[in-house]
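Hello,

Here is the structure I promised to pass on to you. Please open it alongside this email, and then read on for what turned up in it.

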Amino acid sequence: MKINKVTVIGAGAVGAVIAEPLTNYLGKENVQILAEGERLERYRKDGLYLNGKKVDFNYVDASQAQESDLIIIATKNLQLKEAIRMMKKACGPDTLILSLLNGIQSERDIAEVYGEKNVLYGFVLSLNSIHVGNKIEYTNPGAIFFGEKDDSKNERTKAIAELCEGSGIKYSNPDSIQLEQWKKFLINVTFNTLSALCRATYGGFTIDVMQTLARKTGAEVIEIANAEGIPLTQEMLEYDIKLMCSHDPLGKTSMLQDMEAERKSENDWFCGTIVKLGKVHGIETPVCQLLQQLVQGTEESRKIRNPEN
């Protein structure tokens with residue numbers, strides 16, 4: 001199996017950074033970025049800039065999409081339903097679908113429409129970027145983590161590995177993709193949420209009170225993960241705290257960037273997921289419930305002063 005044609009949905013801080021090396025490797029005509037309506041017109045008119053350089057992407061109307069060997073979904077969870085609809089023409093019976101969305105839900109939602117056999121599990125780690133308008137600045141392109149649900153190594157995972165190697169994208173096909181996904185989820189729920197509410201850059205997590213909050217939040221994620229059969233540990237959380245402290249102290253999580261720009265965040269897929277799973281397992285999650293409500297209150301109350309948001 002060889003991947004010759006790729007579709008990317010979502011040309012933001014993740015999608016554009018991944019689409020550039022794929023385009024350079026496979027050729028512009030073999031990497032289509034799907035969009036519709038005003039967004040498509042804006043892409044074609046204004047383009048996108050990565051680290052100050054305008055990139056030459058193949059922007060395609062979703063209604064004119066060609067069938068691809070691989071579809072990469074790099075939107076936010078808020079746009080997943082739209083992405084699932086848009087990729088219909090790009091998805092054939094053997095097309096691989098790789099979601100890079102945050103959280104642990106997107107693969108399930110995609111499988112409900114396109115079937116489990118098409119879907120691989122995945123996410124991006126350590127991509128450090130800031131997206132403002134049509135300009136994306138990044139210092140680290142990160143790495144793609146991917147794998148089969150059952151963690152088997154086969155022609156499909158080999159084909160994606162070869163695509164990454166050929167295009168120069170860092171990647172990992174770990175022994176347990178769902179454990180790695182939950183480890184990323186632990187970071188999202190804990191550090192994204194706290195950074196957004198406290199308006200804290202990475203440097204904020206060097207402060208004792210922020211680390212205390214991180215441990216209280218992370219403890220609930222670990223308990224829910226264990227109930228789901230995922231072996232998250234306290235040691236993993238402690239590693240994450242050190243990791244946050246090692247980043248650029250002025251760097252910002254994606255959720256903090258959303259909060260500052262007054263965009264709706266992925267709150268429902270972060271703390272909201274922990275609260276829902278807590279109810280399923282009969283586990284109390286008071287910290288995550290409070291954090292979810294605080295983010296929700298912030299987002300809903302700002303509509304009073306700015307109804308257009």
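Predicted model: local features only at pLDDT ≥ 70, side-chain atom pairs only at ≥ 80, totals over all residues.

**What I found**

Glu 262 sits in the loop between α9 (254-260) and α10, and its phi is near 60 degrees, a positive value in a residue other than glycine.

You will find Asn 51 in the loop between β3 (48-50) and β4 (53-55), and with 37% relative accessibility it counts as partly exposed.

Next, please turn to helix α10, which covers residues 271-281. Which of its residues are buried? They are Cys 271, Gly 272, Thr 273, Ile 274, Val 275, Leu 277 and Gly 278. The cover over these buried residues includes α6, α7 (208-227) and α11 (286-305). Just after α10 comes Gly 282, with a positive phi of about 70 degrees.

Two of those covering helices also meet each other. Packed helices in general are described by the angle between their axes and the distance between the axes. For α6 and α7, the axes come within 10 Å and cross at roughly 145 degrees, and the crossing is right-handed. On the α6 side, the contact is made by Trp 182, Leu 186, Val 189, Thr 190, Phe 191, Leu 194 and Cys 198. From α7 come Met 210, Leu 213, Ala 214, Thr 217, Gly 218, Val 221, Ile 224 and Ala 225. Sorted by class, this contact has 12 nonpolar residues, 3 polar ones and no charged ones.

The structure holds 6 aromatic pairs. In one of them, the ring centres of Trp 182 and Phe 185 are 5.3 Å apart and the ring planes stand at 90 degrees, so the pair is edge-to-face. Both residues lie in helix α6 (residues 177-198), 3 residues apart, about one turn of the helix. Residues three or four places apart in an α-helix point the same way, because there are 3.6 residues a turn.

Ring pairs link Tyr 43, Phe 57 and Tyr 59 into a cluster. Lys 135 lies over the face of Tyr 49, at 5.3 Å from the ring centre.

Finally, here are two serines. Ser 68 is in strand β6 (residues 68-73) and is buried, with a relative accessible area of 5%. Leaving out neighbours within four places in sequence, Ser 68 is in contact with Lys 5, Val 6, Thr 7, Gln 32, Ala 90 and Thr 95. Between Ser 68 and Lys 216 there are 44 Å in space, C-alpha to C-alpha, and the two are 148 residues apart in sequence.

Ser 129 belongs to strand β8 (residues 119-132) and counts as buried at 11% relative accessibility. Not counting residues up to four places away in sequence, Ser 129 touches Ala 13, Ile 136, Glu 137, Tyr 138 and Gln 257.

Enjoy exploring!

Best wishes

Conventions: Residues numbered from 1 in each chain as written. Heavy atoms only, no water. Helix = DSSP H or I, 4+ residues; strand = E, 2+ residues; numbered from the N terminus. Buried < 20%, exposed > 50% of the residue type's maximum accessible area, 1.4 Å probe, protein only. Contact = heavy atoms within 4.5 Å. Phe/Tyr/Trp six-rings, centres within 6.5 Å; stacked < 30°, edge-to-face > 60°. Lys NZ or Arg CZ within 6 Å of the ring centre and 35° of its normal. Axes fitted to C-alpha atoms, helices over the stretch in contact; angles between N-to-C directions. Left-handed = near helix turned anticlockwise from the far one by under 90°. Nonpolar A, V, L, I, M, F, W, Y, C, P; charged D, E, K, R; others polar.
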